[in-house]
Amino acid sequence: MTNLKTRWIIFASLLALAVISYSITIKLKIRPSPQVQKTYDYIENLPESSAIVVSFDHEASSLPEIKPITQVILRHAFRNNIRIIGMSLFAEGTAIGYSMLTRTAGEFGKSYGQDYAFLGFKPQHISAILGMGESMRGVFPEDYLGTPIDSIPLMRHIDNYDSIAMVISIADGDRAVQWIEYAGARYNQKILAGLTAAMITTYDPYLNSGQLFSVVGGLKGAAEYEMLYGQPGSGSRGLLAQSMAHIFIIALIIIGNVIYFKGRAGKKGRG
Amino acid sequence: MRVKIPLAICFLSGAIMFIQYFSRHPLAKAVYNGILDWWQIIFAFTLFVGVAAFIKSGLKSVSWSKARPSTGRKTDAPYKAISLVGLALMPILALAGGTKFGSPFLWVFDNMQAPMQSTVFSLLAFFVASASFRGFRARTIPATILLISALFVLLGRIPVADYFTESLAKATFWIQDYPSMAARRAILIGIGLGSMTTALRVILGIERTYLRGER
Amino acid sequence: MAIFDPTTLPTLVISLISIAVVLYAVISIKRGKEFTIREIPGLKAIDDAVGRATEMGTPVLFTPGWGGDIQRPTTIASMNILSSVAEKTAEYDCRLIYPTHDPVIMAVAQEVVKEGCLKAGYPDRYRADDIFYITSSQFGYAAAVDGIISRTKPASIFLLGTFEAESLIMAETGNAVGAIQIAGTDSTIQLAFFIVACDYTLIGEELFAASGYLSKNKSILSSVKAQDILKLLIALFITTALIWATIDPKSSWWKY
Amino acid sequence: MLSILREEPERRGEGEMDIGVIIAGILTLAIYSFLYRDNPIYKMAESLLIGLSIGYTLVIFWQSTILDLLIYPLFGGGKIILIVPLFLGLMMFSRFSSSLSWLSRIPLSFMIGAGAGVAIPAMLYARTLKQVSASVTSIVSANGNFNFSELVVVVGLLSTLSYFYFSRHHEGALGRSAKVGTYFLMIFFGATFGYTVMSRLSTLIGRVDFLLTDFLHVIK
């Protein structure tokens with residue numbers, strides 16, 4: 001078999017595996033990690049019409065992991081009639097955040113300005129985080145669409161962290177650390193992080209010290225959350241597909257070695 | 001003069017940037033930020049030079065094929081033309097409709113450029129697979145160690161692995177946090193030293209490969 | 001406002017020690033002190049790689065990766081190797097293709113290759129059009145280089161510089177066309193992919209040493225020597241601090 | 001990327017086609033065709049991606065650098081000093097002339113020099129000092145137990161450093177130590193590969209999600 005043909009077989013198998021396992025919706029019967037359970041319980045028990053901030057602090061390339069996490073948290077919050085203020089400390093996260101928020105809000109028939117709002121992007125993230133502790137109006141005089149913040153009904157009674165139940169930073173890097181170190185440390189704001197799988201261990205010290213309330217990490221975290229929420233979605237499907245592909249890679253490594261050793265034994269036999 | 005002036009400028013800018021690192025005087029920070037801005041501005045002009053060269057070579061191959069349409073040789077002309085149209089399109093859209101949310105500029109970015117970029121990124125999944133098949137054969141002792149270490153971490157990091165066993169995940173973290181981390185540190189220390197000596201040679205003008213090419 | 005920032009004192013001390021050691025090595029080599037560099041696997045292959053491409057009548061492709069810019073010393077080290085490669089390709093009259101994502105790297109690489117051709121004695125074999133800027137987009141660049149590799153089918157590919165996720169996209173495509181691939185980078189994650197996918201990989205500092213080995217340039221050799229002296233000092237420091245920490249766990253003079 | 005999340009659903013009726021999704025889907029498949037082999041469809045998509053991304057970069061640099069850092073402060077804010085980078089930048093264009101091209105080395109040497117100046121302390125701090133300092137821990141833990149893991153770190157670090165010792169041939173004690181270093185390097189490479197695979201696979205899952213959910217509507 002030529003090299004090229006082997007490649008085609010590998011590529012085709014991986015694609016087929018990903019497509020098939022992604023099309024299957026399984027109801028996971030797993031025990032959710034304590035972090036995800038804690039997050040779910042907290043949002044579940046928030047009084048109606050509390051306000052939370054969701055900050056989209058990530059790049060577009062991590063969307064495959066970020067999207068399922070964000071989606072299920074937003075759905076959960078909207079289902080419980082919690083009001084959401086979206087924003088971004090990462091330029092690339094802005095348009096994504098706005099679309100994701102409006103789209104999920106649409107599913108629940110929520111209206112812009114009453115039930116949710118999107119403030120947009122702010123560079124100089126540390127001063128933005130600190131500034132919001134004093135006055136959100138000062139940091140965001142108008143929202144993403146250019147509406148003055150005072151004419152947004154939702155924002156009328158909210159001006160700093162005092163009226164915010166929780167900040168959720170959806171991050172693929174260390175932006176959530178700055179939320180912890182500035183909003184958390186200085187203003188006692190509760191911080192939650194939605195993270196890519198690769199970033200989870202980086203946040204362990206903050207979790208252990210209690211500075212970070214909890215974490216929903218990777219497709220696995222999203223899948224667990226979806227299970228608690230009661231509606232398997234892209235997280236559960238993604239988790240299955242990711243696990244299958246992962247096992248496929250392991251199998252390839254093993255098959256590669258089996259072929260190699262068989263070939264070597266064959267050569268020895270002839271020699 | 002053609003060599004001495006650049007060398008002097010290189011030394012000066014290098015020395016200034018080196019010294020400002022150790023100061024927190026406002027002047028030092030101002031100089032630092034100023035130089036960064038200058039850097040950025042010169043970079044932008046260089047970008048125009050690079051793009052101009054790209055356009056020039058593109059136009060050359062497009063017009064070449066027009067001039068000799070009958071040679072029958074396969075040309076890149078249609079593809080170059082696509083590139084040039086794409087290149088012109090973005091600035092035109094930006095001029096006409098701005099770059100804010102909902103502008104045609106962003107629409108093209110979102111529906112054409114971004115999906116293609118993330119698709120190229122996702123080619124990696126396939127290439128990881130083909131490389132795994134080929135590159136982990138236990139030919140020698142180091143190759144065997146590479147194989148075992150990779151298999152171990154791969155198994156421990158199957159997303160659902162820790163529903164079945166916690167000890168495997170723990171072992172995986174141990175490998176990452178201790179033996180693997182040790183080697184990574186040594187690599188980083190070496191790179192730090194190599195970078196430092198290279199940068200020093202540049203500032204002192206010993207390293208001047210970029211200055212020759214004189215005919 | 002204080003002029004000196006005391007938190008940078010450890011960095012200042014190590015910078016000054018390092019500069020002193022480099023200067024010492026430069027001066028001692030100028031006085032005629034000789035020393036060698038150990039063999040680096042993969043470097044010998046560079047010669048063969050260019051020869052192979054010449055025999056097969058295909059070009060050599062050289063990419064500095066998408067992750068770097070001219071500020072990064074790794075890029076300069078990559079330029080030094082480019083200079084040797086350019087000299088050889090000029091000598092063998094083999095085409096050298098150098099696509100880059102950074103216009104400044106393009107400009108510098110043009111100077112370097114021009115010089116390489118000149119050194120080889122064939123200034124007319126320098127082709128500015130082959131050292132070109134494509135796009136600054138990471139995956140646009142990867143797609144373009146993949147296209148070039150599949151169409152020109154280079155017999156030898158050099159991937160030397162700072163790489164990010166594009167590393168394996170290019171290396172696997174190179175492998176598919178059967179090219180000999182010599183890689184080297186300072187990005188620790190991408191090293192793992194290069195080790196798996198390429199024929200030879202220069203690991204981190206080897207990339208810096210390689211440029212000295214190839215060019216036999218005395219100044220580069222002396223800085224390799226300086227790096228070795230500093231490594232010895234570091235090993236000594238770590239051992240001392242470790243023993244100290246074990247005897248007196250409360251001490252912390254090595255923490256920066 | 002963004003294409004997964006286009007417009008608000010209420011603006012789009014059932015069965016209505018979103019032209020953006022269709023274009024994005026076709027381009028996605030065009031890029032994937034490269035996995036079979038290089039072909040005209042891929043080449044077209046590739047050329048388009050190159051062109052669009054150059055155009056995009058030009059626009060971004062024009063706005064964020066030429067306008068914001070140069071034109072506005074120079075002509076609007078009267079920061080005369082900015083004439084210098086303007087002039088240096090224009091010198092880059094001398095590359096198009098063979099007799100004047102040496103002028104472009106002046107801005108180049110400025111950029112290279114400034115970069116090198118920052119690199120010395122920054123690299124020594126982040127790459128060397130930090131790593132050295134982090135490696136030192138007592139090999140006897142607080143409760144008097146022997147700390148095997150820390151010993152592994154030290155042995156690994158020192159032996160790998162010895163692998164990077166260039167000015168002597170790797171024979172004798174140095175040779176043995178360097179060999180142990182190679183083993184640690186291999187553990188690192190294997191572990192890093194294994195660790196990174198998951199995030200690479202998720203990029204594929206992202207595209208599969210787009211193709212099945214938005215483009216083909218196989219999944220709701």
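This is a predicted model: local features need pLDDT of at least 70, side-chain atom pairs count only at pLDDT 80 or more; totals for chains, interfaces and linings use all residues.
A network of salt bridges links A:R7, B:R134 and C:E172. Over all chains, the salt bridges number 24.

Along the principal axes, the C-alpha atoms of chain B occupy a box of roughly 65 × 55 × 45 Å. Buried residues make up 55% of the 215 residues of chain B.

The interface of chain B with chain D involves 105 residues of chain B and 108 residues of chain D. The size of an interface is often expressed as the accessible area that is lost when the parts come together. For chain B and chain D, the buried area is about 10,200 Å², and carbon and sulfur atoms contribute 81% of it. One salt bridge is counted between chain B and chain D; it joins the side chains of D:K43 and B:D76, with an N to O distance of 2.9 Å. Polar contacts between chain B and chain D comprise 17 residue pairs, with both residues at pLDDT 80 or more. On the side of chain B that touches chain D, at least two residues each come from α1 (4–20), α2 (26–67), α3 (77–97), α4 (104–135), α5 (141–156), α7 (166–177) and α8 (179–204) of chain B. The largest share of this side is supplied by α4(B), with 24 residues. By class, the side of chain B that touches chain D consists of 75 nonpolar, 20 polar and 10 charged residues.

Chain B is also in contact with chain C, through 52 residues of chain B and 66 residues of chain C. The area buried between chain C and chain B is about 5,200 Å², with 73% given by carbon and sulfur atoms. Of the area that chain C buries against chain B, 11% is supplied by C:F139, C:E172 and C:V196, more than by any other three residues. C:E172 is also a member of the salt-bridge network with A:R7 and B:R134. Three salt bridges are found across the interface of chain C and chain B. In one salt bridge, C:D5 pairs with B:R24, and the closest N and O atoms are 3.7 Å apart. Polar contacts between chain C and chain B amount to 13 residue pairs, with both residues at pLDDT 80 or more. Several helices of chain C each provide at least two residues of the side that touches chain B, including α1 (9–30), α3 (73–92), α4 (103–120) and α9 (218–247). The greatest contribution to this side is made by α4(C), with nine residues. The side of chain C that touches chain B divides into 39 nonpolar, 16 polar and 11 charged residues.

Salt bridges also occur within individual chains. In chain A, A:R75 pairs with A:E107, with the closest N and O atoms 2.8 Å apart. Because A:R75 lies in helix α3 and A:E107 in helix α4 (residues 91–107) of chain A, the pair ties together parts that are 32 residues apart in sequence. A:R75 counts as buried at 17% relative accessibility, whereas A:E107 counts as partly exposed at 44%. In chain B, a salt bridge joins B:E207 and B:R201, with the closest N and O atoms 2.7 Å apart. B:E207 is buried at 4% relative accessibility, and B:R201 is buried with a relative accessible area of 4%.

In chain C, the side chains of C:R125 and C:D93 meet in a salt bridge with an N to O distance of 3.5 Å. C:R125 is placed in the loop between α4 and β3 (131–133) and C:D93 in the loop between α3 and β2 (96–100) of chain C, so this pair ties together parts that are 32 residues apart in sequence. C:R125 is partly exposed, with a relative accessible area of 28%, while C:D93 is exposed, with 52%.

Terms used. Residues are numbered from 1 along each chain as its sequence is written. Chains are lettered from A and ligands numbered from 1 in the order in which they are written. Side-chain values use heavy atoms; hydrogens and water are left out. Contact means heavy atoms within 4.5 Å. Buried area is the accessible area (1.4 Å probe) that two parts lose on being put together, summed over both. A salt bridge is a side-chain nitrogen of Lys or Arg within 4 Å of a carboxyl oxygen of Asp or Glu. A polar contact is a pair of N or O atoms within 3.5 Å; within protein, one must be able to donate a hydrogen and the other to accept it, and residues adjacent in sequence count only if both atoms are side-chain atoms. Helices (H or I, at least four residues) and strands (E, at least two) are DSSP runs, numbered from the N terminus. Ala, Val, Leu, Ile, Met, Phe, Trp, Tyr, Cys and Pro count as nonpolar, Asp, Glu, Lys and Arg as charged, and the others, Gly among them, as polar. Buried means under 20% relative accessible area, exposed over 50%, partly exposed in between (1.4 Å probe, protein chains only).
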